[in-house]
Amino acid sequence: MDNKVIMILVDGMRPDFVMGSKNAYIKTFLAGSVYTMSARTIMPSVTLPCHTSLFFSVPSERHGILTNTWVPQVRPIKGLVETLKGAGKKCAFIYDWGPLRDLTRPEDLSFSYYTNGNTIGYENTLPLHTARAVELLKSEAPDFLFIYMGLPDHRGHDFGFTTAEYAEGISLCWDAIRAITEAAATQQGYGVIVLADHGGHGRMHGEDIPEDMTIPLIMHGEIFKNIDLSSGANIIDVAPTITGAMGVEPDGDWEGRGMYRA
């Protein structure tokens, strides 16, 4: 199976601000997608715990990451990238928030690109990383590419998760998603997943409330046309769905439900 996957995570992107966005490309993207605006994340609804559940397909009580500080797993589980690398797949990371480096081992990545959004500004890392992703797709065509966009979460904490500034941050990310998706369309076999790690309320997140726990999950492209969302979706279901789409066996310790149907 030659399917390839780009996973774009927009930090703190609430589903209602996807559906209510003035960005015209969103409707075009959704028209070619299978999606839900009522997927669930895990508690605590905080960036690093949610990402760890995304990549290791287990809830937080299993992986033990409860804050934005990484701690070694007591019972180590293979992550998504390690599993794909073991199957001979070429993987890449592009991100602007440093703690995400612990989601995978450096030797399992063929390409890694990081700039510090807290230092140079997430408004500046977004175009830099978009250009890098487009370049990487055209020159190397990795089998799995993860792209993290931190701007909306940063805007949410600074201004509030229902403000015009926050909404603008989401729209800017969708401009980047368009450029990346259009670059992927020039290559063979790519599907694009867009999701969030958590939502937000006021100027914070981390609580077990719908505003924080409900996330969008959008799977775009021909390879995802038979995705089954009839039983709902959780962030821990994404990794086994990706391995299913790429023809790779999920790790036996994962607890998520693969939603891919050939």
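Rings of Phe, Tyr and Trp form an aromatic pair if their centres lie within 6.5 Å. With that in mind, welcome to a set of close-up views of this predicted model.

View 1. A search of the whole structure finds ten aromatic pairs. One of them brings together Phe-55 and Phe-93, with 5.5 Å from centre to centre and 55° between the planes. This geometry is classed as tilted.

**View 2. A cis peptide bond joins Met-43 and Pro-44.** Omega for this bond is about -5°. You will find Pro-44 in the loop that runs between strand S2 (33–40) and H3.

**View 3. Ser-57 has a positive phi.** The phi angle of Ser-57 is about 55°, although this residue is not a glycine. Ser-57 sits in the loop between H3 and helix H4 (60–63).

**View 4. H7 packs against H9.** Two packed helices are described by the angle between their axes and the distance between the axes. Here, the axes of H7 and H9 (residues 164–184) come within 9 Å and cross at roughly 10°. An angle under 35 degrees counts as roughly parallel, and H7 and H9 are therefore roughly parallel to each other. On the H7 side, the contact is made by Leu-126, Thr-130, Ala-133, Val-134, Leu-137 and Lys-138. Their partners in H9 are Leu-172, Cys-173, Ala-176, Ala-179, Ile-180, Ala-183 and Ala-184. By class, the contact of H7 with H9 has eleven nonpolar residues, one polar and one charged.

**View 5. H8 packs against H9.** The axes of H8 (residues 151–159) and H9 are 8 Å apart, at an angle of about 175°. Angles over 145 degrees count as roughly antiparallel, and H8 and H9 therefore run roughly antiparallel to each other. Leu-151, Pro-152, Arg-155, Gly-156 and Phe-159 are the H8 residues in this contact. From H9, Glu-165, Tyr-166, Glu-168, Gly-169, Ile-170, Leu-172 and Cys-173 meet them. The contact of H8 with H9 divides into seven nonpolar, two polar and three charged residues.

**View 6. H7 also meets H8.** The axes of these two helices come within 9 Å and cross at roughly 170°. That makes H7 roughly antiparallel to H8. Tyr-122, Glu-123 and Leu-126 of H7 touch Leu-151, His-154 and Arg-155 of H8. Three residues of the contact of H7 with H8 are nonpolar, one is polar and two are charged. Leu-126 of H7 takes part here, and Leu-126 is also among the H7 residues that meet H9. Likewise, Leu-151 and Arg-155 of H8 contact H7, and both residues are listed in the contact of H8 with H9.

**View 7. A cavity is lined in part by H7 and strand S5.** A search of the whole structure finds one cavity of 30 Å³ or more, and the largest cavity has a volume of about 40 Å³. Its lining consists of Asp-96, Thr-125, Leu-126, His-129, Thr-130, Ile-147, Tyr-148 and Met-149. The elements that give two or more residues to this lining are H7 (122–139) and S5 (144–149), and H7 gives the most, with four. Four lining residues are nonpolar, three are polar and one is charged.

How values were computed. Residues numbered from 1 in each chain as written. Predicted model: local features only at pLDDT ≥ 70, side-chain atom pairs only at ≥ 80, totals over all residues. Heavy atoms only, no water. 1 Å grid on protein atoms, 1.4 Å probe; cavity = no way out; pocket = protein on both sides within 12 Å on 5 of 7 lines; lining within 4 Å. Points joined across faces, edges and corners; volume = space filled by probe spheres on them. Nonpolar A, V, L, I, M, F, W, Y, C, P; charged D, E, K, R; others polar. Axes fitted to C-alpha atoms, helices over the stretch in contact; angles between N-to-C directions. Parallel < 35°, antiparallel > 145°, perpendicular 65-115°, else oblique. Contact = heavy atoms within 4.5 Å. Phe/Tyr/Trp six-rings, centres within 6.5 Å; stacked < 30°, edge-to-face > 60°.
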